[in-house]
Amino acid sequence: NFGGTIRINRVGLCIICALIILFIIYLSPKHFSLQSDKVNLRRLLLASIEAAERGGREVIKVSKENNLKEEIKGKTKEGAKIPVTEADYRSHCVMYYGITKLFPSINVISEEKEGEKECKNLVPLDIEPRGNLGIHGLPDVEVEASEITVWIDPLDATQEYTEQLYNYVTTMVCVAYRGNPIIGVIHKPFGEEHKTVWAWVNKGKSPHLNFSKVKLKENEKPVIIVSRSHHGNVDKLVKKVFGENSEIIYAGGSGYKSLEVASGNVTAYIHKTAISKWDVCAGDAVIASLGGSFKTLSNKYLDYKASSEHVNTEGILATMSMIDNGKLTYTDV
């Protein structure tokens, strides 16, 4: 009798369907999760702070060992030597791999390229919030991991570090979302009080990081901070834009100079020559969080996407004051 009914075993069918679904998930690039890959920005901020501070501790350790193992890894377009030390590499190890181990699906770009095999005694980052950071009360914000890029400078002001000008030295982490800098962490490892400054645009900032945006008074002498080692004859540009009575301060480290702007100690930070984005991203985020301006000399915002050029060749003008940008064009450079 070929006309009989066929009975389907529902349990068996469910098992087969489940196996098919699991097989499809396994073949997908994100088979580890049924949901899209998200990143919690509050946790990433905590990781960034811990990474910058751990990097700073490595920088201090190397300075006390009295063996920097200094090398020259290249030269700038203007012919200035670019040094690198054992401290750069050790700081890179704890910062880069500390963040990538916690957030394996985000793009992390560091100035140094030391491989994990060369990094010793790596310890996972501790991202439990501490009371003195002012982190409590920040929201849990989740975004797509693919839209995040983290920029790391394991040791900013390496030249000054080799000269024992430690006040200019910082370690920095910056988080960019869709190319915009939204979280900046700048850690100063040296000094009586090791200071960490952080800012999350429109969400929060370090308790001691406060500044009221003011208009430069008509008779006030502008104070402009520039690079001591890569200034590129910026003096004429400063005098043209800010007047002949402008005072120029030469300093090391983009992180240091950005903090001088954020704290109101200087009118503006100007950089004329090429500069890498890991040098400026954290300062950009900090100054932006306070309502300041951080742009190229051609009056453009910087793009911090992973796919963008890693070097900015159009200079920097960062300020908390209300300056007429129309007075400055890239043709002045």
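**Stop 1: a strand residue**

Select Val197, which sits in strand 9 (residues 195–200); helices (H or I, at least four residues) and strands (E, at least two) are DSSP runs, numbered from the N terminus. This is a predicted model, in which local features need pLDDT of at least 70, side-chain atom pairs count only at pLDDT 80 or more, and totals for chains, interfaces and linings use all residues. Residues are numbered from 1 along each chain as its sequence is written, and side-chain values use heavy atoms, with hydrogens and water left out.

Val197 counts as buried because its relative accessibility is 4%; buried means under 20% relative accessible area, exposed over 50%, and partly exposed in between (1.4 Å probe, protein chains only). Now show what surrounds Val197: leaving out residues up to four places away in sequence, it touches Gly184, Val185, Ile186, Ser206, His208, Leu209, Leu259 and Val286. Contact here means heavy atoms within 4.5 Å. Draw a distance from Val197 to His187: they are 10 residues apart in sequence, and their C-alpha atoms are 6.2 Å apart.

**Stop 2: the whole chain**

Zoom out and colour by secondary structure. The protein chain has 7 helices and 17 strands. Of its 333 residues, 47% are buried. Taking contacts between residues at least 6 apart in sequence, 69% join residues at least 24 apart.

**Stop 3**

Select Tyr168, in the loop between helix 4 (158–162) and strand 7 (170–177). Is Tyr168 buried or exposed? Tyr168 is buried, because its relative accessible area is 14%. Its contacts, not counting residues up to four places away in sequence, are Asp156, Ala157, Glu160, Arg228, Tyr250, Ala251, Gly252, Gly253 and Tyr256.

Next, select Gln164, in the loop between helix 4 and strand 7. Gln164 has a positive phi of about 65° although it is not a glycine. Gln164 counts as exposed, because its relative accessibility is 57%.

Then go to Arg178, in the loop between strand 7 and strand 8 (180–188). Arg178 is not glycine either, and its phi is positive, near 55°. With 48% relative accessibility, Arg178 counts as partly exposed.

**Stop 3: the largest pocket**

On a 1 Å grid over the protein atoms alone, a pocket is an open set of points with protein on both sides within 12 Å along at least five of seven lines, a cavity is a set where a 1.4 Å probe fits but cannot get out, and lining residues have an atom within 4 Å of a point. Grid points are joined across faces, edges and corners, and a volume is the space filled by probe spheres set on the points.

Where does the largest pocket lie? Domain 1 (38–205) and domain 2 (223–319) both give residues to its lining, so the pocket lies between them. The domain bounds come from an automatic or database domain assignment.

**Stop 4: helix 3 and the second largest pocket**

Select Arg90, Cys93, Val94, Lys120 and Leu122, which lie nearest the centre of the second largest pocket, among its 20 lining residues. This pocket has about 470 Å³ of space. Helix 3 gives the largest share of the lining, 8 residues.

Among the buried residues are Glu86, Asp88, His92 and Tyr97. Their cover includes helix 2, strand 3, strand 4 (107–110), strand 6, helix 4 and strand 7.

**Stop 5: the cavity**

Select its lining: Leu46, Ile49, Glu50, Asp126, Ile127, Glu128, Arg130 and Leu133.
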